[in-house]
Amino acid sequence: MSKRDYYEVLGVQRTVTEVELKASFRKLAMKYHPDKNPGDHTAEIKFKEINEAYQVLSDPQKRGAYDRFGHAAFQNGGPGGGPGFGNEFGDFMSDIFDTFFGDARQGSRRGAGGRERGADLRYNLEISLEDAYKGRAASVTIPTSVTCEVCSGTGAKMGSKPRPCPTCGGQGRVRAAQGFFSIERTCPNCHGRGEVIDDPCPNCSGAGRVTRERTLSVNIPAGVEDGTRIRIAGEGEAGLRGGPAGDLYIFLTVKPHPFFQRDGADLYCQVPISFVTAALGGEFVVPTIDGQDARVKVPEGTSSGKQFRLRQKGMSVLRTRDRGDLYIQVAVETPQNLTRRQRELLMEFDRVSSKDTSPESSGFFARMRDFFDGISGSAGRA
């Protein structure tokens, strides 16, 4: 059976550049790699075919010979011949191998003795708005893995210790030849740890860690907001076989407040006032987030929705001594459940009132009459 043209195998023209040739080979090598097509005999054949083509065309001398004589140029020595070729191709294929397995290799790397960093932990903590204002120390109880106190994290029974894995020589990985490649894989005997334990610790079954509940004190600074994350280094899950511990992340949720609404460092509060206070003026007392009282003066003729600003009466600003402001919005309460005498007084007030007493309502209805009168006049003229 005659061989296919090497340029055709790699899907390129004879004028292809070195960069274009390498890119085409990389794409095809990924597509037909045996590890991506397990059990596919056709893919394996194509993979070997594109490797053979690239071995020739990537070498300037061999490519020149192939362009002049075709496959006959290599009938005696084959494409693998030639001084220095094997190292160059091996270096390039090592790059391809990293493309396939780089992330997995990085993810499986462990410290000496199979020590692995412990996982990070998350704890959700709900606090009050007052706690967010002044800050506090909170205690949290977390079920987590801690270093086994019997074997001190080694995983081996007391009086013994792990020994280097005889399969991988303590490297955690083994190499196996596969066609043109030397493939590196996780050691099947020690599972990448590089060590084996003949006598596992009975307390932790060889893991080097056990599950326990721990109570920690967490410092919540003043001024934190909903969703703030606090990192406590080294307080996460214990590492495997004496590896470093992960971190603990505290995620804060601020409970809704019955009176205050928060916007950054500012607070907002709505306060109902009586009809008389709004009309004649007066004052009221409102508690602030710091537990003190503040007096708010209401001027005569205050309308519902009027907003008053109390400076430096809002929330603390994180990591500063500043404070936001407190905004008080008044809502004028309409009198209800009136007695007969109260109704008489209000009716009398209505009889003696003028446009100056209720300028907004009087002006509104006057503008509305003028608007509809204008529409009616225009329709009549039409």
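Predicted model: local features only at pLDDT ≥ 70, side-chain atom pairs only at ≥ 80, totals over all residues.
Residues are numbered from 1 along each chain as its sequence is written, and side-chain values use heavy atoms, with hydrogens and water left out.

Leu338 sits in the loop between strand 15 (326–332) and helix 8; helices here are DSSP runs of H or I with at least four residues, strands are runs of E with at least two, and both are numbered from the N terminus. Together with Phe275, Val276, Leu280, Leu346, Phe349 and Val352, Leu338 makes a nonpolar surface patch of about 640 Å². Helix 7 (275–280) and helix 8 (340–352) each supply at least two residues of that patch.

Now to the aromatic residues, where rings of Phe, Tyr and Trp (its six-membered ring) pair if their centres lie within 6.5 Å, and planes under 30 degrees apart count as stacked, over 60 as edge-to-face and the rest as tilted. By this rule there are four aromatic pairs. Phe25 and Tyr54 are stacked, because their ring centres are 4.2 Å apart and their planes lie at 10 degrees. This pair links distant parts of the chain, with Phe25 in helix 2 (residues 18–32) and Tyr54 in helix 3 (residues 41–57), 29 residues apart, and both Phe25 and Tyr54 are buried.

Tyr268 and Tyr327 are also stacked, since their ring centres are 5.0 Å apart and their planes are at 15 degrees. Tyr268 belongs to strand 11 (residues 266–273) and Tyr327 to strand 15, so the pair ties together parts that are 59 residues apart in sequence. Tyr268 counts as partly exposed at 29% relative accessibility, whereas Tyr327, at 15%, counts as buried.

Finally, the sheet: three strands form an open sheet in the order 1-9-8, with mixed pairing, where two strands pair if DSSP finds at least two bridges between them. Strand 1 (121–127) and strand 8 (229–232) are the edge strands, each pairing on one side only. Strand 1 runs parallel to strand 9 (residues 248–254), and seven bridges join them; Leu121, for instance, has Leu248 in strand 9 as its bridge partner.

Key. Patch = residues over 30% accessible without salt bridge, like charges linked within 9 Å, V, L, I, M, F, W, Y side chains within 5 Å. Areas by Shrake-Rupley, 256 points an atom, 1.4 Å probe, with all protein chains shown as cover. Salt bridge = Lys/Arg side-chain N within 4 Å of Asp/Glu carboxyl O. Buried < 20%, exposed > 50% of the residue type's maximum accessible area, 1.4 Å probe, protein only.
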